[in-house]
Amino acid sequence: MDVGKMYMGGEWVEAVHGDTWKVYNPATGDLVGEVAFGDGDDAKRAIDAAAQAFPGWSSATARERAKYLLKLHDLVRAHRDELAELVSLEMGKPLREAKGEVLGAADNFLWYAEEAKRVYGETIPSSVPNKRILVMRQPVGVVAAITPWNFPVNMVARKVAPALASGCTVILKPAESTPLSAIRLFELIAEAGFPPGVANLVLGKPDSIGEAFINSEKVRKIAFTGSTRVGKLLMEGAAKTVKRISLELGGHAPTVVFADADLDAAVAGVFESKYRASGQQCICTNRLFVHEDVHDAFVEKLKARVAAAKVGDGRDKSVEIGPLVNERAVEKVMRHIDDARSKGASVVHGGSRLTEGEYAKGFFVAPTILTNVQANMLVCQEETFGPVLPVLTFSDEEEVVRMANDTPYGLAAYIFTQNLSRAMRVAEALEYGIVGVNDGEVTQTQAPFGGMKESGIGREGGHYAMDEFLEVKFVSLGL
Ligand code: NAP
């Protein structure tokens with residue numbers, strides 16, 4: 001088995017200290033790859049390469065930058081099956097979802113190829129006759145991007161594409177569980193012909209690499225997706241050199257099913273938002289509030305839908321729910337289920353780890369529905385990041401908005417109702433960056449994605465992401 005390498009200054013390199021890291025399939029426990037495992041010293045090499053490439057890349061025309069991004073879009077689309085299989089292999093995601101993720105990544109490269117050409121400035125009427133006010137937008141500089149394992153291709157694209165489009169150079173540090181998809185994506189970046197140093201890949205020790213990013217004066221911006229805990233560490237560290245920072249952090253999404261909802265549509269939406277990626281999504285439903293008048297009917301329908309979903313190795317095309325990423329994730333999910341049970345929750349479906357037969361060597365938890373859930377249970381307080389759906393009841397609109405907002409998180413929320421006035425009222429009252437109304441699958445390339453409160457700062461997606469990588473410069477022109 002070849003050892004996967006890092007990519008810096010246009011070259012494939014091993015770790016400075018020669019360390020490597022093994023990658024396992026979470027569905028089978030099989031060894032599926034080995035990669036270079038670097039640290040801060042490797043990050044410094046990558047930072048130097050990115051800094052050296054910055055003057056050339058930032059002064060290239062937007063059309064030229066777009067040309068490389070378009071080529072990358074074509075390559076990612078052409079290799080979509082292979083990339084999707086890698087995603088499924090190293091993090092267990094069902095193939096259908098993995099393909100959707102890869103096409104989403106391709107779409108980001110296409111969108112930002114176009115957006116590169118729309119970095120407009122402004123002229124503002126001056127208060128004095130012999131002056132002109134010009135506003136220009138310029139790339140912030142070298143960007144350090146850090147991504148999690150749950151979307152190993154698209155999380156990378158959502159940072160790298162707008163950064164490159166705006167004229168920044170990038171160093172990516174992907175999650176240690178999913179380096180294989182990142183390496184393959186960088187092979188395509190190399191094939192697309194980007195100049196050396198424009199996009200760099202560093203793999204390895206997260207704290208040491210993070211420190212190198214934080215301490216470097218050359219790095220002008222950190223773009224991070226991951227846990228709120230690490231996001232806070234990076235934000236504190238970024239203060240040392242007053243770096244720009246954008247953070248896509250944890251969530252605790254409430255979903256509200258009102259009595260006037262189309263229950264079948266709500267079941268489909270809740271299933272999608274809860275069990276996609278086995279519940280390992282930041283925008284996953286974490287608390288489901290169902291109006292007391294429709295609670296029993298809704299839970300019955302949902303149970304039937306969940307029971308029909310096949311659990312297994314994501315590479316099996318009939319599988320809808322794959323494994324969790326590792327043993328630690330299984331332990332956390334089981335702790336949440338056990339805590340809820342011990343405090344009086346009822347298990348309507350699932351509730352246990354799957355350990356027999358095809359599940360014996362993987363990290364599988366049965367998709368679970370809990371009722372009689374109370375706000376003091378861990379499932380209502382911490383992000384579960386697994387296929388567990390706690391169901392609570394409510395009786396009126398004001399009460400449920402209050403309960404839904406009662407969390408430090410503010411990423412995504414969902415409501416199901418047929419009443420337009422209620423939909424608008426509640427969407428406005430929810431303290432969340434994203435609200436799905438009769439929609440359980442809210443992500444689109446062109447739409448702003450990001451959270452309020454402890455779910456983050458800044459936005460990815462659409463033209464909003466470009467602002468994260470651009471400085472505003474005011475030129476006062478005396479005549
Ligand atoms: P994590 O532990 O915070 O890891 C995310 C990334 O940060 C990984 O690349 C990780 O490297 C790296 N990292 C860990 N410690 C670091 C440090 N001290 N300095 C610098 N980098 C460090 O999060 P995760 O468990 O992988 O991902 C799940 C979390 O991400 C959940 O909370 C989820 O809600 C959140 N998420 C948010 C969004 C969003 O858009 N808001 C999207 C997806 C996921 P290693 O893998 O090597 O540890």
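This is a predicted model: local features need pLDDT of at least 70, side-chain atom pairs count only at pLDDT 80 or more; totals for chains, interfaces and linings use all residues.
Figure 1. V242 is found in the loop between α8 (228–238) and β12 (244–248). Its phi is near 45°, a positive value in a residue other than glycine. K453, which is not a glycine either, has a positive phi of about 50°. This lysine belongs to strand β23 (residues 452–453) and counts as partly exposed, with 38% relative accessibility.

**Figure 2. Surroundings of the ligand.** The ligand is surrounded by 28 residues, and the closest are T147, E176, S227, L249 and E383. A polar backbone atom of T147 lies 2.7 Å from an oxygen atom of the ligand. In W149, an N or O atom of the side chain is 3.0 Å from a ligand oxygen atom. A nitrogen atom of the ligand lies 3.4 Å from a backbone N or O atom of P206. On its own the ligand has 900 Å² of accessible area, of which the protein covers 88%.

Figure 3. The structure holds ten aromatic pairs. One of them joins W21 and F37, whose rings are 4.6 Å apart from centre to centre with 15° between the planes. This pair counts as stacked because its planes are under 30 degrees apart. W21 lies in strand β4, whereas F37 lies in the loop between β5 (31–36) and α1 (40–59), so the pair links distant parts of the chain, 16 residues apart. W21 is partly exposed at 28% relative accessibility, while F37 is buried at 11%. Elsewhere, ring pairs link Y7, W12 and F186 into a cluster.

**Figure 4. Nonpolar surface patch containing Y24.** M1, Y24 and L31 form a nonpolar patch on the surface, and together they have about 340 Å² of accessible area. Y24 is part of strand β4 (residues 20–24). With a relative accessible area of 45%, Y24 is partly exposed.

**Figure 5. L72 in helix α2.** Helix α2 (residues 62–78) contains L72, which counts as buried at 0% relative accessibility. A106 is 34 residues from L72 along the chain, and the C-alpha atoms of the two are separated by 7.7 Å.

**Figure 6. Salt bridges between separate segments.** The whole structure has 27 salt bridges. One of them joins the side chains of K218 and D48, with an N to O distance of 2.6 Å. K218 is in the loop between α7 (206–215) and β11 (219–225), and D48 is in helix α1, 170 residues apart. Both residues are partly exposed, K218 at 44% relative accessibility and D48 at 38%. A salt bridge also joins the side chains of E397 and R422 (3.0 Å, N to O). E397 counts as buried, at 18% relative accessibility.

**Figure 7. Salt-bridge network around K117.** Salt bridges link E114, E115, K117 and R118 in a network. Between K117 and E114, the closest N and O atoms are 3.5 Å apart. K117 is partly exposed at 35% relative accessibility, and E114 is partly exposed with a relative accessible area of 29%.

Note on methods. Residues are numbered from 1 along each chain as its sequence is written. Side-chain values use heavy atoms; hydrogens and water are left out. Patches are made of residues with over 30% relative accessible area and no salt bridge: like charges are joined within 9 Å, nonpolar side chains (Val, Leu, Ile, Met, Phe, Trp, Tyr) within 5 Å. Accessible areas come from the Shrake-Rupley method with a 1.4 Å probe; for residues, only the protein chains shown count as cover. A salt bridge is a side-chain nitrogen of Lys or Arg within 4 Å of a carboxyl oxygen of Asp or Glu. Helices (H or I, at least four residues) and strands (E, at least two) are DSSP runs, numbered from the N terminus. Buried means under 20% relative accessible area, exposed over 50%, partly exposed in between (1.4 Å probe, protein chains only). A residue is near a molecule or strand if one of its heavy atoms lies within 4 Å of it. A polar contact is a pair of N or O atoms within 3.5 Å; within protein, one must be able to donate a hydrogen and the other to accept it, and residues adjacent in sequence count only if both atoms are side-chain atoms. Rings of Phe, Tyr and Trp (its six-membered ring) pair if their centres lie within 6.5 Å; planes under 30 degrees apart count as stacked, over 60 as edge-to-face and the rest as tilted.
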